[in-house]
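I opened my notebook to look through this structure one feature at a time. Here is what I looked up, in the order I went.

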Amino acid sequence: MIKLYYHPLSTYSRRVRIALAEKQIAYEAIVVDMAQGKHKDPVYLALNPYGRVPTIEEDGLVLYESTAILNYLEATRAEPPLVPVDLRQRALVDMHMKLCDIQMTRQTGTIVFPKRFLPKEKWNEAAMAAAKGEIESHLTILERQLAGKQYLVAEQFTLADICYLPFLEFFPLMEIAPPPAVASWRERLLDRPSARATKPDA
Ligand SMILES: N[C@@H](CCC(=O)N[C@@H](CS)C(=O)NCC(=O)O)C(=O)O
């Protein structure tokens, strides 16, 4: 059985938990107590030398990096499919997964981490404003790509949507008002049972 090392508030872990839920894969969930620094404990570092979550372990294979884990789950458990059959569409899924990590995730962390975990006097407000601007520019591009569509690629919920989903949760906290097609895509994604089941409490 797959072991998943994760934290309930971790966005990247949530990607993996959503895919596991969508595919109804049974797994052993192991919380890494990050508040206690357990992700930097030598025991965990022996598994994932970067000291981050998520990590999965199956039959001696240890895998980290959420997008690599998503691709592994898809390659080993094809049903229900979370990528299109058509190879050109599949390539678009890969493109969007990559772009999510380049244009959205770090910028979201720059705003959300201080807002959730640091006192206001420790916020780097210039960096936070710059990150917000980068996200808004990215959303302008996504808006054009999502116009008239339900999902990013091939009218199908895919790994590309999963990559974005946990980060879309933070628009209110980031005070980002998404343009209309992004807003309805966001609602559609956050309403999925797999998203509801993995929504962080805090
Ligand atoms: N690129 C990694 C990012 C994972 C990541 O940064 N996870 C955060 C929690 S959401 C973490 O473990 N941070 C602790 C650290 O960087 O020390 C992935 O896609 O899995």
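**Entry 1: the largest pocket.** I began with open space, keeping in mind that this is a predicted model. The largest pocket has a volume of about 840 Å³. Its lining is made of 28 residues. Nearest the centre of this pocket I found S10, T11, Y12, M34 and V53.

Which helices each supply at least two residues of that lining? I noted α1 (11-22), α3 (66-76) and α4 (87-117). The largest share comes from α4, with nine residues. I also sorted the lining by class: twelve residues are nonpolar, ten are polar and six are charged.

**Entry 2: the ligand.** Next I listed the residues around the ligand. They are S10, T11, Y12, M34, H39, K40, G51, R52, V53, P54, E65 and S66. I was pleased to meet some names again: S10, T11, Y12, M34 and V53 are also the residues nearest the centre of the largest pocket.

Then I looked up distances between polar atoms. In the side chain of K40, an N or O atom is 2.7 Å from an oxygen atom of the ligand. The side chain of E65 has an N or O atom 2.8 Å from a nitrogen atom of the ligand. What part of V53 lies 2.8 Å from a nitrogen atom of the ligand, backbone or side chain? For V53 the answer is a backbone N or O atom.

**Entry 3: helix α1.** α1 has twelve residues. From its first C-alpha to its last, α1 reaches 16 Å, close to the 16 Å expected at 1.5 Å a residue.

Is α1 mostly covered or mostly open? It is mostly covered, with ten of its twelve residues buried. The buried ones are T11, S13, R14, R15, V16, R17, I18, A19, L20 and E22. I wrote a reminder beside this list: an α-helix has 3.6 residues a turn, so residues three or four places apart point the same way. After α1 comes Q24, and its phi is positive, near 50°.

Entry 4: I then looked for cavities. How many of 30 Å³ or more does a search of the whole structure find? The search finds one. The space in the largest cavity is about 40 Å³.

Its lining consists of P8, L9, S10, T11, R14, R17, P166, F170 and P200. α1 gives the most to this lining, with three residues. By class, five of the lining residues are nonpolar, two are polar and two are charged.

**Entry 5: N48 and its loop.** N48 sits in the loop between α2 (42-45) and β3 (55-58). Why does N48 count as buried? Its relative accessibility is 2%, and buried means under 20%.

I checked what the side chain of N48 reaches. A polar atom of this side chain lies 2.9 Å from the backbone nitrogen of Y50. The N48 side chain also reaches the backbone oxygen of R52, at 2.8 Å.

**Entry 6: two cis peptide bonds.** V53 and P54 are joined by a cis peptide bond, with omega about 5°. P80 has its place in the loop between α3 and α4.

**Entry 7: positive phi angles.** D59 counts as exposed because its relative accessibility is 76%.

For E155, phi is about 50°. This residue is found in the loop between α5 (125-146) and α6 (159-168). With 45% relative accessibility, E155 counts as partly exposed.

Methods. Residues are numbered from 1 along each chain as its sequence is written. This is a predicted model: local features need pLDDT of at least 70, side-chain atom pairs count only at pLDDT 80 or more; totals for chains, interfaces and linings use all residues. Side-chain values use heavy atoms; hydrogens and water are left out. On a 1 Å grid over the protein atoms alone, a cavity is a set of points where a 1.4 Å probe fits but cannot get out, and a pocket is an open set with protein on both sides within 12 Å along at least five of seven lines; lining residues have an atom within 4 Å of a point. Grid points are joined across faces, edges and corners, and a volume is the space filled by probe spheres set on the points. Helices (H or I, at least four residues) and strands (E, at least two) are DSSP runs, numbered from the N terminus. Ala, Val, Leu, Ile, Met, Phe, Trp, Tyr, Cys and Pro count as nonpolar, Asp, Glu, Lys and Arg as charged, and the others, Gly among them, as polar. The expected span of a helix is 1.5 Å times one less than its number of residues. Buried means under 20% relative accessible area, exposed over 50%, partly exposed in between (1.4 Å probe, protein chains only). A residue is near a molecule or strand if one of its heavy atoms lies within 4 Å of it. A polar contact is a pair of N or O atoms within 3.5 Å; within protein, one must be able to donate a hydrogen and the other to accept it, and residues adjacent in sequence count only if both atoms are side-chain atoms.
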